[in-house]
Amino acid sequence: MIINDKKIKYKNILKKLDKYKNKDFTFSSGKIIGSMCTQPHEISTKAYIKFLDTNLGDPELFPGTNEIEIALKKYILKLLNAPKTARGITVSGGTEGNITAMWLAKELTKKNEIILSKSAHFSFKKIASLINMKIITIPLTKNYVIDINKIKNKINDNTAAIIGIAGSTELGTIDSIPQLSDISLDENIFLHVDAAFGGFIIPFLKNLNYEVTDFDFKLKGVNSISIDAHKMGYSAIPLGLLAVRKKNWLNKISVESHCINSKKQTGILGTRSGGPVAAAYAVTKFLGKKGYTKLIENCMNLTIYVESEINKIGLELITKPTMNVLGIKIKNLDEVYKKLSDLGWKVNKIDRISCLRIVVMPHISKKSIDEFIPILKKVCMEVGEI
Ligand code: 0PR
């Protein structure tokens, strides 16, 4: 009897979970077209489940998982042209990567001002509050990248770091990281590159002969880079890497860890699952340079197609896409966004520059774009946008 009751309870809980899950939007519907995440690659999902019970906070217990983490870091550091002295810390994503980088910059310099552009990710606002730093905002040029000429007179004795963005959240633009690198070297200022979105794109765009600026450790003034596998790395959430130029900098963000077997723990988190790490290891191994290049090629071809379809219905982009991110100029933003959302189309709304953001992630097909464009046109006509 008791066994039966337990079985029923067990089944009911799973049924209830399904009910909740069914309320969620799915990547496979093709209607999530504004998100920077995607349906993870199948091999990444399998690996995730296999390592669900592992804890990288205690590598003594999970030496095999620890080896996977080391191999994954090595792969990503190589992708970023990191020197031998560089090291990586796996993080939960761009937010933690940025927080950890600024923690490091603060510890290294004992200063507290961060210079960044208007299009920097909002995680820097959290940083300012969390570790008591001050944000100094630089305007954008007409190409929506940081205005380099406005930086020098903002540098002072309190400057802890400058931020360069390689793939902005709003439009996928890339700041002139080579020029920021020169400033970093001239003024001896820590330069952190936020490549949470672009890190798994730019190296492969280069293989495809797209003209994109350098953004990585090849530039001597770049001190740290954050890059996310759970965005264009095609892996499961949550996984990013913060790469730093010098191994000994890690001491600044490490503490002694008496209750676990390793002497020190680096970074913000303690207990963390090996699942996302194994997931990212699996997908990076499986795709490799060839697979990622093909993936980016497909996303870019579709991005070019979306651009031409948008223009055909009389709408304009804010700026020509640098990567697979498109910002569509919309005056009646709230209305258009709401109508699309009510029809099940999940685009993102960028209020600051009054545009709808489309991100052509791997789960999006030409078929879903061909379904979306006539609906966008109809909605825009209804509100008098076109
Ligand atoms: N840096 C950049 C350049 C980013 O674009 C983001 C996230 C972050 C840092 C922070 O990364 P995590 O959120 O992984 O910590 N930008 C996306 C955005 O704001 C996050 C996102 C992803 C939002 C998928 C919605 C979504 O469905 O759009």
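**Close-up 1. Surroundings of the ligand in the predicted model.** The ligand is surrounded by 17 residues. The closest are Ser35, Thr95, Thr169, Asp194 and Lys231. For histidine 230, the distance from a polar side-chain atom to a ligand oxygen is 2.9 Å. On its own, the ligand has 600 Å² of accessible area, of which the protein covers 77%.

**Close-up 2. The salt bridge between glutamate 187 and lysine 152.** The closest N and O atoms of this pair are 3.8 Å apart. Glutamate 187 belongs to helix 6 (residues 177–187), and lysine 152 to the loop between strand 3 (134–138) and strand 4 (159–165); the pair therefore ties together parts that are 35 residues apart in sequence. Glutamate 187 has a relative accessible area of 33% and is partly exposed. Lysine 152 is also partly exposed, with a value of 43%. Through salt bridges that share partners, Lys152, Asp186 and Glu187 are joined into one network. A search of the whole structure finds 22 salt bridges.

**Close-up 3. The salt bridge between lysine 320 and glutamate 307.** The two side chains meet with an N to O distance of 2.9 Å. Because lysine 320 lies in the loop between helix 8 (275–312) and strand 10 (325–329), while glutamate 307 lies in helix 8, the pair ties together parts that are 13 residues apart in sequence. Are lysine 320 and glutamate 307 buried or exposed? Lysine 320 is exposed, with a relative accessible area of 59%. Glutamate 307, by contrast, is buried, with a relative accessible area of 14%.

**Close-up 4. The salt bridge between aspartate 351 and lysine 349.** The N to O distance between these side chains is 3.1 Å. Aspartate 351 is exposed, at a relative accessible area of 51%. This assignment follows because the term exposed applies to values over 50%. Lysine 349 is partly exposed, with a relative accessibility of 27%.

**Close-up 5. A nonpolar patch on the surface.** Which residues form the nonpolar patch? Tyr10, Ile13, Leu14, Leu17 and Tyr20 make it up, and together they have about 560 Å² of accessible area. Tyrosine 20 is located in helix 1 (residues 2–23). With a relative accessible area of 48%, tyrosine 20 is partly exposed.

**Close-up 6. Glutamate 107 and isoleucine 253.** Glutamate 107 is part of helix 4, which comprises residues 94–109. The relative accessible area of glutamate 107 is 26%, and the residue is partly exposed. Glutamate 107 and isoleucine 253 are separated by 146 residues in sequence, yet their C-alpha atoms are 7.8 Å apart in space.

Note on methods:
Residues are numbered from 1 along each chain as its sequence is written. This is a predicted model: local features need pLDDT of at least 70, side-chain atom pairs count only at pLDDT 80 or more; totals for chains, interfaces and linings use all residues. Side-chain values use heavy atoms; hydrogens and water are left out. Patches are made of residues with over 30% relative accessible area and no salt bridge: like charges are joined within 9 Å, nonpolar side chains (Val, Leu, Ile, Met, Phe, Trp, Tyr) within 5 Å. Accessible areas come from the Shrake-Rupley method with a 1.4 Å probe; for residues, only the protein chains shown count as cover. A salt bridge is a side-chain nitrogen of Lys or Arg within 4 Å of a carboxyl oxygen of Asp or Glu. Helices (H or I, at least four residues) and strands (E, at least two) are DSSP runs, numbered from the N terminus. Buried means under 20% relative accessible area, exposed over 50%, partly exposed in between (1.4 Å probe, protein chains only). A residue is near a molecule or strand if one of its heavy atoms lies within 4 Å of it. A polar contact is a pair of N or O atoms within 3.5 Å; within protein, one must be able to donate a hydrogen and the other to accept it, and residues adjacent in sequence count only if both atoms are side-chain atoms.
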